[in-house]
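Grab a pencil and work through these exercises with the structure open beside you. Try each task before you read its solution.

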Amino acid sequence: MDPASLEATIVDGYVDEPAHFGVPPYISTYPRYTAGALVDAGVPAEQVTYLTIDALREDPDRWRDVESADLLVYVGGMTVPGKYVGGTPAEPDEVRRIAWTAEGTSLMGGPVRFGVGDANEGATETARDDLDFDFVAKGDIEAAAHDLVRGGLEGFGNRMRDVEEVTRWARDGAFVVESHPNYPEYLIAELETGRGCPYRCSFCTEPLYGNPTFRPPETVVSEVEALYDAGVRHFRLGRQADILAYGGDGERPNPDALRALYGGIREVAPDLGTLHLDNMNPVTIVEWPDLAREGIRVIAEHNTPGDTAAFGLESADPVVQEQNNLLVTAEECFQAVKVLNEEGGWRPEDGPPGPSLEGTGKRLPKLLPGINLVHGLAGERPETYEHNKNFLRRVYDEGLLLRRVNIRQVMSFEGTEMSDTGAEVAKAHREQFKSYKQEVRETVDRPMLRRLAPPGTRLPGVHLEYHQDGKTFGRQLGTYSLLVAVPGERELGEVIDVAVTGHGYRSVTGVPYPLDLNSASMDELTAIPGIGRSRAGDIVVGRPHGSVAAVGEDLAPFATVEPAPEAGPTR
């Protein structure tokens, strides 16, 4: 088939990998690079259709694009478990339906090649089932799509794409963002700086991509420029195992490469709304503390507030560490947490250096660690849970900040060392895991969240997503964004600024900021700390108020007073 006459449809079933995220509001690299590869192979951009799995669910007519395509490309796969608000990853039966519906040639790829389970949860052993596609890309899906078109839809050799190809494809495929249901306001583009990992933790699929390879800064900046020109304003450098190792040998930090990367992004995207990252390896901070500090300072200078560097401690138990090739001890990870607090834990109003625990009336800190803990690993025992709790309590007791704690059960994939152990340990310890996780939420997460975002902390740009129990819930765009609840059922899709008023285990409550005392509801007023129903009633009865000070200085972090409209002429 002549590529110029070919109609192609890309279905995004969403991805979640240790170093790659693509569940809305994120869009992963896979569909963008695949679209660019198709265009590079000769398919006109206007003949490339991009659909998310949620779009297919919501509009049955869109299945015609699956049915009629000369080439149907499905990308998806979850290799870490998660709970998702912005979208629901494709289930195996849905993926099979896509293959059955496609009358043209069908191609499947992405992390689904490592395995697919019946649910997105931990404590599972997964292998890729027969999902009835004509072709499965065992290398890069974008390279397979390119070669399949160039080969007349007859076949391809499984391979990985090179830097020159991905540089072209990243730019050429940026246009598909305009077809995403979240475009343009509530969409964050995942960016790849490199992939692969020099280390071999027993459970992780990232080493299956090989040793680390990095894209030169100018190629990533070029991609950002194309996305920015297409209307994207939110970005995350998430596709790497360790951002501090970017541009080097995969282990040693390279602050100059980070400076070129971040500085270049800021130059081509001057009005970006979000610039966050994901993974940072604590062993890099331990092995090269001075270079790591310099790299962290570069990141915190250029990023946007609320950024999170996920630290893969995985387990604080020395027995589990040894049996699973884990990289840092609990003591070493603690020191890395301390360094990141010192260099990145400042709030924008305060400026560097050093952490700022006082957040009233201020933004979230620029860059803080998140801690990943994985259960069900080889060697896990009852004492493992105590080791983990002791580590987290020490961090809190020492006055440091964590942006979030991620606790999950392992998923076992072919090709990793965990394939020999499987998920049997996690299954055996499931009841202990549940009670332990709840204890961490109560004794660590909630007090840490109060320290991170005290009442009055301002969260700009909260996108309202759903209603529940008389409240409206939303999130900022960014890495591991806080779930925010505001009183009342406000219009979904609205974007508001919020002042924090209270704290859950992993979420906060707040009121729209600034809250107008002359129009605020009783529920909004009583949400403010120290304002009971009696005082809120007095505020309502005493309207209109001329100033916040006249009502109470304690309201200043949350409220304002809009001037009353001037009376018109009388007759």
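## Exercise 1: The nonpolar cores

This is a predicted model. In the largest nonpolar core there are 101 residues, and Leu-71, Phe-235, Leu-237, Met-280 and Phe-311 touch the most other members.

**Task.** Find which helix gives the most to this core, and list what Phe-311 touches.

**Solution.** 
1. Start with the helix: helix 16 (residues 430-452) gives the most, with seven residues.
2. Now click on Phe-311 and skip residues up to four places away in sequence; its contacts include Met-280, Pro-282, Ile-285, Cys-333 and Leu-340.
3. Keep going around Phe-311, and you also meet Pro-369, Gly-370, Ile-371 and Asn-372, among others.
4. Apart from this core lies another one, of 27 residues, with Tyr-26, Leu-56, Tyr-74 and Ala-90 among them.

## Exercise 2: An open sheet

**Task.** Work out which strands stand at the edges of the open sheet.

**Solution.** 
1. Write down the order of the four strands, 3-9-12-13, and note that the pairing is parallel.
2. Strand 3 (26-27) and strand 13 (274-277) each have a single partner strand, so one side of each has no neighbour in the sheet, and these two are the edges.
3. Look at how strand 13 is held: four bridges join it to strand 12 (residues 234-239), and Leu-237 stands opposite Leu-277.

## Exercise 3: Strand 20 and its partners

**Task.** Explain why strand 20 is described as largely enclosed, then describe how it pairs with strand 19 and strand 22.

**Solution.** 
1. Four of the five residues of strand 20 (residues 483-487) are buried, so the rest of the structure largely encloses this strand.
2. With strand 19 (residues 471-475), the pairing is antiparallel over five bridges; Lys-471 has Pro-487 as its bridge partner.
3. With strand 22 (residues 507-512), the pairing is parallel over three bridges, and Ala-485 stands opposite Thr-509.

## Exercise 4: Asn-518

**Task.** Is Asn-518 buried or exposed?

**Solution.** 
1. Locate Asn-518 in the loop between strand 23 (515-516) and helix 17 (522-527).
2. Buried means under 20% relative accessible area. Asn-518 has 19% relative accessibility, so it counts as buried.
3. Check its surroundings: Asn-518 touches Arg-543, Pro-544, His-545, Val-561 and Glu-562, leaving out residues up to four places away in sequence.
4. Finally, the side chain of Asn-518 reaches the backbone nitrogen of His-545 at 2.7 Å.

Notes: Residues are numbered from 1 along each chain as its sequence is written. This is a predicted model: local features need pLDDT of at least 70, side-chain atom pairs count only at pLDDT 80 or more; totals for chains, interfaces and linings use all residues. Side-chain values use heavy atoms; hydrogens and water are left out. A nonpolar core is a set of buried Ala, Val, Leu, Ile, Met, Phe, Trp, Tyr and Cys residues joined through side-chain atoms within 4.5 Å. Buried means under 20% relative accessible area, exposed over 50%, partly exposed in between (1.4 Å probe, protein chains only). Contact means heavy atoms within 4.5 Å. A polar contact is a pair of N or O atoms within 3.5 Å; within protein, one must be able to donate a hydrogen and the other to accept it, and residues adjacent in sequence count only if both atoms are side-chain atoms. Two strands pair if DSSP finds at least two bridges between them.
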